[in-house]
Amino acid sequence: MIPNGRKQCRSRCQVECADSAEMEKMVEINGKTRVCGLIGYPVEHTLSPVIHNTLAGLLGHDLVYVPFPARPGSVKDAVRGADALQILGLNVTVPYKSEVMDSLQEIDTLAGNIGAVNTLVRTEGGYKGYNTDMEGLYRAMQSEDIKIEKERIILLGAGGAARAVAHLCALKGADTVYMLNRTLDKAEQVADEVNRMTGRNVICPILLQEYHRIPEGRYLAVQGTSVGLAPHDDMVVISDPAFYKRVHTGFDLIYNPWETRFMQLVKAHGGRAYNGLKMLLYQGIIAYELWNDVQVTKKDAQVVYERLKAHFGVS
């Protein structure tokens, strides 16, 4: 009889061997391997290959995902070349989410309303553009039991990411969204666009420094700017403790660093706080589902999430 310790060791080795076999299958390339990728500039920092190559291994798909740096001015050529090479699908990241739209055969209605595309799906006549950021954020919030319907929300920023959040909040039935931005014109533009689309005045633009005008109460706060992104970990859009006393839940779209200054301040004043890694996870999963006509299970999503967390040394 094998001692219990040796049984456990053997079982552990079997798991490790299974993981190794999975990884080998994930990177094996042959003449039938389909290619997906990411275009942006720069793209060296991206974690998207972790998402898609892990999913390919888990689901047994003969697919490989790689980043493609597209220098400024080369987006149309990049899309045309990808189509000629029959690349199955592409993600699009900054700074090309709006610029790429001119190169597409078709644009999904939601992506058209948002004015940004982050996923291309190859069709017979060219690529169709989608925006999975918004639904990715919604799935991320659902996974943390964060509700939008009938919620009062503070949204920091009015750029591309915040614009998608504004659309999401309006479409999912938020009560009111106070959009704080350094320049009022930009926030007003987004507010007019979203309010016109929904037929109700859900987005209220306010100058960032006038956040004290927001009515008393407790809010869900979404940090939609790049302030606090590594290596500027100590930066935050608003530092006033009085602001954070009114936040019951904070969601920062940034995921590097693992805990932003915004998140620290939310927690210090009794609120829950989350980073944007699950948004990254789910926007990628939705893209993978579009490319492969599959549904990714919660179990597989969790496996991918654990591998993403490992990049930050978080268990």
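What follows is a conversation about rings, cysteines, strands and backbone angles.

Student: Before we start, what ground rules apply?
Tutor: This is a predicted model, in which local features need pLDDT of at least 70 and side-chain atom pairs count only at pLDDT 80 or more, while totals for chains, interfaces and linings use all residues. Residues are numbered from 1 along each chain as its sequence is written, and side-chain values use heavy atoms, with hydrogens and water left out.

Student: How do I read a pair of aromatic rings?
Tutor: You describe such a pair by the distance of the centres and the angle of the planes. Here, rings of Phe, Tyr and Trp (its six-membered ring) pair if their centres lie within 6.5 Å; planes under 30 degrees apart are stacked, over 60 edge-to-face, and the rest tilted.

Student: How many aromatic pairs does the structure hold?
Tutor: There are seven aromatic pairs. Take Tyr255 and Phe312: the ring centres are 6.2 Å apart and the planes stand at 85°, so this pair is edge-to-face. It links distant parts of the chain, 57 residues apart: Tyr255 is in the loop between strand 11 (247–252) and helix 9 (261–268), and Phe312 is in the segment after helix 11 (298–310). Helices (H or I, at least four residues) and strands (E, at least two) are DSSP runs, numbered from the N terminus.

Student: What kind of pair do Trp258 and Phe312 form?
Tutor: Trp258 and Phe312 form a tilted pair, with 5.9 Å centre to centre and 45° between the planes. Trp258 is in the loop between strand 11 and helix 9, 54 residues from Phe312. Elsewhere, ring pairs link Tyr211, Phe243, Tyr244 and Phe262 into a cluster.

Student: Which lysines lie over the face of a ring?
Tutor: The test asks for NZ of Lys or CZ of Arg within 6 Å of the ring centre and within 35 degrees of the ring normal. Lys172 lies over Tyr138, at 4.2 Å from the ring centre. Lys278 lies over Tyr305, at 5.0 Å from the ring centre.

Student: What about disulfides?
Tutor: A disulfide is a covalent bond between the sulfur atoms of two cysteines. The cut-off used here is a pair of cysteine sulfur atoms within 2.5 Å, and the structure holds zero disulfides.

Student: How should I read a sheet?
Tutor: Begin with the pairing: two strands pair if DSSP finds at least two bridges between them. Six strands form an open sheet here, in the order 2-1-3-5-6-4, with mixed pairing. Its edge strands are strand 2 (63–69) and strand 4 (106–107), each pairing on one side only.

Student: How do strand 3 and strand 5 run?
Tutor: Strand 3 (residues 89–92) and strand 5 (residues 119–123) run antiparallel, joined by three bridges. Asn91 has Thr119 in strand 5 as its bridge partner, and Gly89 stands opposite Val121. Strand 5 also pairs with strand 6 in the antiparallel sense, over five bridges; there, Val121 has Lys128 as its partner. A hairpin of two residues joins strand 5 to strand 6.

Student: Where is Lys150 found, and what is its phi?
Tutor: Lys150 is found in the loop between helix 5 and strand 7, and its phi is positive, about 65°. Lys150 is exposed, with a relative accessible area of 69%. Asp145, in the loop between helix 5 (133–143) and strand 7 (152–156), has a positive phi near 60°.

Key:
Buried < 20%, exposed > 50% of the residue type's maximum accessible area, 1.4 Å probe, protein only.
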